[in-house]
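Here's a quick briefing to read alongside the coordinates. Have the viewer open and click through as you go.

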Amino acid sequence: MPKDVLEELELSEVNSGVFYGEWMPTDGRELISSHSPIDGKEIAKVAIAGIEDYEAVIKKAQESFCVWSEIPAPERGQIIREIGDELRQKKEALARLVTLEVGKILTEGRGEVQEMIDIADFAVGLSRQLYGLTIASERKDHFLCERWHPLGPIGVITAFNFPCAVWSWNAFIAAAVGDVVVWKPSTKAPLTAIATTKIVNSVLERHGLPPIFFLVTGRGSTVGNWMAEDKRLPLISFTGSTATGRKVYEKVAKRIGRAILELGGNNAAIVSDKADMRIALKGVAFGALATAGQRCTTTRRLILHERIYGEFLDKLIKVYKGVKIGNPFEPDTLIGPLIDEEAVKKYEEAVERAVAEGGRILYGGKRLEGCYVMPTIIEAHPDMEVVREETFAPILYVFKYSTIEEALELNNSVPQGLSSAIFTNDLREAEYFLAHSDCGIANVNTSTAGAEIGGAFGGEKDTGVGREAGSDAWKFYARRQTATVNYSEDLPLAQGVKFDIE
């Protein structure tokens with residue numbers, strides 16, 4: 001199966017990881033290997049960028065921006081529409097590559113590619129809706145309005161857990177606005193990025209257009225730093241850990257650039273005694289177990305009302321015991337592997353810390369063969385330091401509450417503020433939750449995970465700044481201009497100021 005997928009997506013044993021209108025030669029370049037977490041075997045090798053390659057990418061991106069930004073936005077939208085159609089044609093192969101390279105179960109791999117298709121469709125509509133406000137002027141015969149202009153080449157740095165979807169949230173919206181995109185993918189998932197870059201740029205080649213989606217594969221300590229410090233990239237969109245995000249933000253801020261940061265999540269689900277238990281159970285299980293706990297929106301804290309605490313936990317543990325852990329290509333598997341051995345070690349360390357800090361393991365807590373681990377439920381208390389941190393693994397900390405006020409205090413008690421959820425059929429509880437959750441995403445009777453592309457995605461506090469994907473997130477990829485037009489026969493000044501000259 002892997003060989004067939006590689007051939008269909010035009011991948012070989014050694015692949016260029018740099019695209020600047022043509023693919024960088026692989027001879028004489030440093031190579032990295034992409035290994036599948038399913039069995040630890042090497043899939044293929046990738047040649048990574050040196051500084052000369054990076055400069056070639058930036059030079060070509062600047063040239064392409066001059067062409068792409070002058071194309072009318074609705075025409076840009078039609079190109080993106082065709083890109084979405086091309087992704088539809090390659091959906092199954094690309095989904096299988098996602099599963100092979102990062103270990104997602106196949107339905108999630110398909111969902112990730114579908115997310116790219118959906119955001120492409122959204123961007124097509126957006127290309128005719130790049131609206132600016134009209135503003136009432138205090139001066140007679142004057143007209144004020146907002147205009148939005150593309151920024152230029154923007155940098156997108158993505159993580160392994162969504163190896164192509166998060167890029168598309170940025171890339172297709174930015175392209176509709178008129179920007180071009182320089183992508184640094186995770187070195188843990190470079191093949192998905194290479195395949196995606198081939199697919200999307202094939203449409204531009206077909207139309208005789210310059211490339212607008214560039215690729216520069218390399219380590220964060222080199223390529224990531226070059227991008228963060230590069231004034232030629234007016235915006236950097238970074239997805240990753242909070243610790244790394246802080247470093248990126250400092251470098252971008254030092255040059256007074258713009259940044260979108262999608263960082264750590266430490267998301268809580270509140271289950272009220274007034275909840276539909278069946279819906280709550282499904283929502284918590286999906287949130288905690290999907291992608292083997294390797295989503296920024298994973299449910300990591302479960303806040304249960306004291307009246308249903310024991311009953312709900314019994315049912316949840318039964319669900320945990322019944323889920324199949326194993327090969328993500330098998331249709332009945334629900335939990336695949338963690339991405340690598342480092343992730344497994346962090347899982348083990350977090351479990352050990354939780355027990356040392358007074359937590360009690362209710363289920364799991366053990367590694368299995370290879371990069372597979374048991375999903376884990378730990379009874380916790382709010383003073384435990386480990387529950388304030390994000391561990392990218394299927395570890396769920398459980399708390400008990402008695403009042404809705406107490407539940408929200410627990411929800412908001414961590415440094416992160418990405419996603420949150422409450423399960424309740426009580427309107428007052430739901431509205432109280434929406435009014436007081438300090439997260440960028442708040443859900444009622446649905447999971448913390450599984451956000452739709454139509455809404456702006458992002459969080460508060462240590463989760464970062466800015467928004468991606470839907471709603472008016474497109475404004476982060478554009479510069480705002482307030483335009484004033486005087487069509488009178490005089491020059492009246494605002495605020496009644498007089499400045500008379502002969």
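A469 sits in strand β22, which spans residues 468–469. This is a predicted model, and A469 has a phi near 75°, a positive value in a residue other than glycine.

**Positive phi values**

- Where does A292 lie? You'll find A292 in the loop between α10 (277–289) and β13 (299–305).
- Buried or exposed? A292 counts as buried, because its relative accessibility is 2% and the label applies under 20%.

**The cavity**

- How many cavities of 30 Å³ or more does the structure hold? There is 1.
- The largest cavity has about 70 Å³ of space in it.
- Lining that cavity are 14 residues, and the closest to its centre are G103, K104, T291, A292 and Q294.
- By residue class, the lining of the largest cavity splits into 7 nonpolar, 5 polar and 2 charged.

**A nonpolar patch on the surface**

- Which residues form the nonpolar patch on the surface? They are L491, L493, V497, F499 and I501.
- Together, these residues have about 560 Å² of accessible area.
- One of them, I501, is found in the segment after β23 (478–486).
- I501 has a relative accessible area of 67%, and because that is over 50%, I501 counts as exposed.

- D39 belongs to the loop between β3 (31–35) and β4 (42–47).
- The relative accessible area of D39 is 48%, which falls between the 20% and 50% cut-offs, so D39 is partly exposed.
- How far apart are D39 and W474 in sequence and in space? They are 435 residues apart in sequence and 40 Å apart in space, going C-alpha to C-alpha.

Notes
Residues numbered from 1 in each chain as written. Predicted model: local features only at pLDDT ≥ 70, side-chain atom pairs only at ≥ 80, totals over all residues. Heavy atoms only, no water. 1 Å grid on protein atoms, 1.4 Å probe; cavity = no way out; pocket = protein on both sides within 12 Å on 5 of 7 lines; lining within 4 Å. Points joined across faces, edges and corners; volume = space filled by probe spheres on them. Nonpolar A, V, L, I, M, F, W, Y, C, P; charged D, E, K, R; others polar. Patch = residues over 30% accessible without salt bridge, like charges linked within 9 Å, V, L, I, M, F, W, Y side chains within 5 Å. Areas by Shrake-Rupley, 256 points an atom, 1.4 Å probe, with all protein chains shown as cover. Salt bridge = Lys/Arg side-chain N within 4 Å of Asp/Glu carboxyl O. Helix = DSSP H or I, 4+ residues; strand = E, 2+ residues; numbered from the N terminus. Buried < 20%, exposed > 50% of the residue type's maximum accessible area, 1.4 Å probe, protein only.
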